[in-house]
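Thanks for coming. Please have the sequence open beside the picture.

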Protein chains: 2
Amino acid sequence: MPNRDVLNGDWLPNISVDCVIFGFQENHLKVLLLKFRNNEVWSLPGGFIGNEEDADDAAKRILWQRTGLENIYLQQFHTFGDLKRNIGAIEKHEEINLAMGRSLEDMKWLSHRYITIGYYALVEYSKVKVTLNDISDDSAWMDVSKIPALFLDHNAIVAKGLAHLRASIDTKLAAFNLLPETFTMSELQQVYETILGKELVRTNFQRKMLSLDILERIEKKYTGGAHKAPYLYRLDKKKAEAFMSSAS
Amino acid sequence: MPNRDVLNGDWLPNISVDCVIFGFQENHLKVLLLKFRNNEVWSLPGGFIGNEEDADDAAKRILWQRTGLENIYLQQFHTFGDLKRNIGAIEKHEEINLAMGRSLEDMKWLSHRYITIGYYALVEYSKVKVTLNDISDDSAWMDVSKIPALFLDHNAIVAKGLAHLRASIDTKLAAFNLLPETFTMSELQQVYETILGKELVRTNFQRKMLSLDILERIEKKYTGGAHKAPYLYRLDKKKAEAFMSSAS
């Protein structure tokens, strides 16, 4: 994919894309955030839509530019079109923009009103190699329950993305996209608990998951003490697809 | 609300709004469509977003302009951003545009690429008074299962709106917005069946609806033969809100 970070005018005006990239690390649901250069202001990875680029392709490109990942779970969830969401933001944030090294030309482009299309992505945390853009000097995976005040309305975008993820956990089996190919029932339960933000009863969870008939049980996980080792599971993709088409 | 049908440049470029307005008439789920003046081409009611107008307010305004209704159920469901959805459409449809009386200035404005935000509305059919815009000469409520080939990608927009309506029927109690204030259980079941596109078992449906604890039973409907008259029900708005906040 082409790298199109530079604001050179080949973009649709007034429309942007913001990506809520969810990953699962150490039993916590986290979101990838970028820090503006020479500032303590954090924001979602985002960008613009090329004049000759599909909106969905713009989201895929931004995700690829920041994480190096392609062909991952990416879902448009809401378009944020309030007038007040960013009008006057550049003037208010002039110091930030100057500090991060924005050109006057870029600032003029950014001083317009933007309606932003929100996408959320579910990635396998360990596979992400973050590449900063030229206005960022740091990145972090932040726990969804501990996100600081972000740029513009990005907190609201994260909250709405999380609500959509929660709503699709049963019908779209979204949680599996956060796990490696094989996993234990306990790891699967932890992903569900962290997305839903509540504890689940182990026996009920296991019964429900097995009753969906979408899991393939493979060998036991090697832990040294063989007789207590938990089973490993893998999602049966054909059965999962059949389940999702019947559930939606 | 101001009438802003004229394309006078006070609009965001490259972004539009399209509304799928659902109504329930004679046991069928219908969509309000407009016919372009002096053409046989039908389209969804739509419009643009004022430079100083929230996207949601633009959708409310368009709905009000076409139906005369305010404060109704309106849900943003998807933004359609494919490059091919309308690029070149004006050139392709030059005859249509000339026939419907578009000015050259309007056609220049419309010849740009548009990303459109899709909203669906649920209205009480009998309350709608359709007002045509200046490029339309007819309107019709068309059965969702019998919609002809529409302008641009409007068939895909209707299909996606219907899928979202179906998905929200349980958690958002969407169907009740299509009914008058009081209704029989049979009428409620007909709305559910027409949205879901399948028949439901009467006893199961009634048991499920009553178990939600959201309905208030009022007097029997007057039909002449008193002992067989069905009960009328009304949605208990407080209980419905409590149900919806627990379901989402």
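**Strand pairing and the chain contact**

Start in chain B: Glu216(B) has Arg234(B) as its bridge partner in β10(B). Before I go on, please keep in mind that this is a predicted model.

Strand β10 of chain B covers residues 231–235, and β9(B) pairs with β10(B) through four bridges in the antiparallel sense.

Which strands make up the whole sheet in chain B, and in what order? There are three, in the order β8-β10-β9 (chain B), and they form an open sheet with antiparallel pairing. At the edges are β8 (182–184) and β9 (215–220) of chain B, each of which pairs on one side only. From one strand to the next, the twist averages 40 degrees.

Now chain A. Here too the order is β8-β10-β9 (chain A), in an open sheet of three strands with antiparallel pairing.

Let me take the two pairings in chain A one at a time. On one side, β8(A) is joined by three bridges to strand β10 of chain A, residues 231–235, and the two run antiparallel. If you want residues to look for, Phe183(A) has Tyr233(A) as its bridge partner in β10(A), and Thr182(A) stands opposite Arg234(A) in that strand. In the other pairing, β9(A) and β10(A) are antiparallel over four bridges. One place to look is Leu215(A), whose bridge partner in β10(A) is Leu235(A).

That leaves the contact between the chains. Chain A supplies 21 residues to the contact, and chain B supplies 21 residues. Between them the chains bury about 1600 Å², with 55% of that on carbon and sulfur atoms.

How many salt bridges are counted between chain A and chain B? The count is zero. Polar contacts are another matter: 15 residue pairs are in polar contact between chain A and chain B, counting pairs with both residues at pLDDT 80 or more.

Which strands of chain A are involved? At least two residues each come from β1 (11–25), β4 (46–50), β5 (73–80) and β6 (115–122) of chain A, on the side that touches chain B. β1(A) gives the most to that side, with four residues. By class, the side of chain A that touches chain B has eight nonpolar, seven polar and six charged residues.

That is what I have; I will take questions now.

Conventions. Residues are numbered from 1 along each chain as its sequence is written. Chains are lettered from A and ligands numbered from 1 in the order in which they are written. This is a predicted model: local features need pLDDT of at least 70, side-chain atom pairs count only at pLDDT 80 or more; totals for chains, interfaces and linings use all residues. Side-chain values use heavy atoms; hydrogens and water are left out. Contact means heavy atoms within 4.5 Å. Buried area is the accessible area (1.4 Å probe) that two parts lose on being put together, summed over both. A salt bridge is a side-chain nitrogen of Lys or Arg within 4 Å of a carboxyl oxygen of Asp or Glu. A polar contact is a pair of N or O atoms within 3.5 Å; within protein, one must be able to donate a hydrogen and the other to accept it, and residues adjacent in sequence count only if both atoms are side-chain atoms. Ala, Val, Leu, Ile, Met, Phe, Trp, Tyr, Cys and Pro count as nonpolar, Asp, Glu, Lys and Arg as charged, and the others, Gly among them, as polar. Two strands pair if DSSP finds at least two bridges between them. Axes are lines fitted to C-alpha atoms, for helices over the stretch in contact, and angles run from 0 to 180 degrees between N-to-C directions.
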